[in-house]
Amino acid sequence: MANSLEDVPSLDIMTELLRRFKCSSKPDKRLILIGPPGSGKGTQSPIIKDEYCLCHLATGDMLRAAVAAKTPLGIKAKETMERGELVSDDLVVGIIDDAMKKPSCQKGFILDGFPRTVAQAQKLDEMLEKQGTKIDKVLDFAIDDSILEERITGRWIHASSGRTYHTKFAPPKAPGIDDVTGEPLMQRKDDTAAVLKSRLEAFHRQTEPVINYYSKKGVVAKLPAEKPPKEVTVEVQKVLSS
């Protein structure tokens, strides 16, 4: 909370009031986004968040925030990490449980990066059941690995500005050179075919059982993630309005 509402500019208060008024008529939604690196989750997530007034729960960010805020669960997580151990599923679900109580999560949430295993999905479902809620939809950003390879290995970045280019979809005017500064472009270490291959293998091995788990509950919607972003947005809206 801000130190005092008196210190918040009137325009900010009015904007937030209007946002909450608009949100009050939106249906509650609890969503999970599943998709490999480069599938477009990061593009669609903010659009879904704004359209349906949801909060975005990225477990990595939440863990860091809980540790920084020294919450009881954050302290436990810090001790675990300092021992070089993985944070337990119960602890992560507890942090999600805490985060869901915030006013910004009143209409629901988007979970990104969790659950990664069936055991985590079961723990999440148990926690939601205690609150009398459940996952409404799992958006599966389905895309062929070969398309991902083309998307990701073609990415080039201008380090100091963050400008991104793509050899096929958004090439610079001169190969390997930033349009604005004329400085050389670079590739992220992760944006190579070899790294992508191992990340995709891990992704499929871990998450396919999670997709199967939620498919049995009838909540999985398969999205054609190879389509251009605007078309994927339309597909998402169709799924979430049904």
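**Close-up views of a predicted model**

**View 1. Lys 41 is buried, with a relative accessible area of 16%.** Buried here means under 20% relative accessible area, with exposed over 50% and partly exposed in between (1.4 Å probe, protein chains only). This is a predicted model, where local features need pLDDT of at least 70, side-chain atom pairs count only at pLDDT 80 or more, and totals for chains, interfaces and linings use all residues. Residues are numbered from 1 along each chain as its sequence is written, and side-chain values use heavy atoms, leaving out hydrogens and water. You will find Lys 41 in helix α2 (residues 41-52); helices are DSSP runs of H or I with at least four residues, numbered from the N terminus. The Lys 41 side chain reaches the backbone oxygen of Gly 35 at 3.5 Å. Leaving aside residues up to four places away in sequence, Lys 41 touches Leu 33, Ile 34, Gly 35, Asp 112 and Phe 141 (contact means heavy atoms within 4.5 Å).

**View 2. Helix α3 (residues 59-68) packs against helix α4 (residues 72-82) at about 105°, with the axes 7 Å apart.** Axes are lines fitted to C-alpha atoms over the stretch in contact, and angles run from 0 to 180 degrees between N-to-C directions. The two helices, α3 and α4, are therefore roughly perpendicular to each other (65 to 115 degrees). From α3, Leu 63, Ala 66 and Val 67 meet Gly 74, Ala 77, Lys 78 and Met 81 of α4.

**View 3. Tyr 213 and Tyr 214 form an edge-to-face aromatic pair.** Their ring centres are 4.9 Å apart, with 80° between the planes; rings pair if their centres lie within 6.5 Å, and planes over 60 degrees apart count as edge-to-face. Both Tyr 213 and Tyr 214 are buried.

Note on methods: Angles under 35 degrees count as roughly parallel, over 145 as roughly antiparallel, 65 to 115 as roughly perpendicular and the rest as oblique. Rings of Phe, Tyr and Trp (its six-membered ring) pair if their centres lie within 6.5 Å; planes under 30 degrees apart count as stacked, over 60 as edge-to-face and the rest as tilted. A polar contact is a pair of N or O atoms within 3.5 Å; within protein, one must be able to donate a hydrogen and the other to accept it, and residues adjacent in sequence count only if both atoms are side-chain atoms.
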